[in-house]
Amino acid sequence: MRATAGAALTAAQDDGTGESDPAERGRRMMTPFQCAKMTVNQLSLGIVNDSVTIVGGAAYTATHPLARLVRDVRAGWFMQPYSYPDGVSYLTAQALQRRRDNDYVSARAVTDQT
């Protein structure tokens, strides 16, 4: 997870193009960020599930430290930008080089080029 997050942060740094428009910089760093978000969501869910298996039902009590982690990790799947299905759609469009409105606010913005 650290390597994935580090790669996304490296992509977010100024790339030397001198681009000053924050919206354009945001669009350029969306793909590495979304890859990192989906990877971290997947890996952290496994870690939390394993932790709950070891601890048992006590992890679901409000006072247990794992209780908040369980909620936070599960919430990552539907938090913006891009929930899981929208993230898959976005990354698929990027991998297939399909035209797409990269404004993450517009849901399912893939445009067919047929």
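I note first that helices (H or I, at least four residues) and strands (E, at least two) are DSSP runs, numbered from the N terminus. By that rule Gln34 lies in helix α2.

**Entry 1: the model**

I am working with a predicted model, in which local features need pLDDT of at least 70 and side-chain atom pairs count only at pLDDT 80 or more, while totals for chains, interfaces and linings use all residues. Residues are numbered from 1 along each chain as its sequence is written, and side-chain values use heavy atoms, leaving out hydrogens and water.

I looked up pLDDT, the predictor's confidence in each residue, from 0 to 100. Its mean over the chain is 80, and 81% of the residues reach 70 or more. Over residues 107-114 pLDDT stays under 50. Where pLDDT is low, the predicted coordinates should not be read in detail.

**Entry 2: the layout**

I found four helices and zero strands in the chain. Along the sequence the pattern reads α-α-α-α.

I then checked burial, where buried means under 20% relative accessible area, exposed over 50%, and partly exposed in between (1.4 Å probe, protein chains only). Buried residues make up 25% of the 114 residues.

For contacts I used heavy atoms within 4.5 Å. Of the contacts between residues at least 6 apart in sequence, 44% join residues at least 24 apart.

**Entry 3: α2 and α3**

I looked at how these two helices pack, taking axes as lines fitted to C-alpha atoms, for helices over the stretch in contact, with angles from 0 to 180 degrees between N-to-C directions. The axes of α2 and α3 are 10 Å apart, at an angle of about 150°. That makes α2 roughly antiparallel to α3 (under 35 degrees counts as roughly parallel, over 145 as roughly antiparallel, 65 to 115 as roughly perpendicular, the rest as oblique).

The crossing is left-handed, a term for a near helix turned anticlockwise from the far one by less than a right angle, with clockwise being right-handed. On the α2 side I listed Ser44, Leu45, Val48, Asn49, Ser51, Val52 and Val55, and on the α3 side Leu66, Leu69, Val70, Val73 and Arg74.

The buried residues of α3 are Leu66, Ala67, Val70, Val73 and Ala75, and they pack against α2.

**Entry 4: the cores**

I took a nonpolar core as a set of buried Ala, Val, Leu, Ile, Met, Phe, Trp, Tyr and Cys residues joined through side-chain atoms within 4.5 Å. The largest has seven residues: Leu45, Val48, Val52, Ala59, Leu66, Val70 and Val73. Two or more of its residues come from each of α2 (22-55) and α3 (65-75). Apart from it lies another core, of five residues, among them Met30, Met38, Tyr82 and Tyr90.

I also traced Leu45, which touches Val73, Arg74 and Trp77, not counting residues up to four places away in sequence.

**Entry 5: α2 and α4**

I turned to helix α4 (residues 84-95), whose axis comes within 10 Å of that of α2 and crosses it at roughly 125°. The two helices are therefore oblique to each other, and their crossing is left-handed. Arg27, Met30, Thr31, Gln34, Cys35 and Met38 in α2 meet Tyr84, Gly87, Val88, Tyr90, Leu91 and Gln94 in α4.

Last, I went back to Gln34, which counts as buried because its relative accessibility is 1%. Gln34 touches Pro81, Tyr82, Gly87, Tyr90 and Leu91, again not counting residues up to four places away in sequence.
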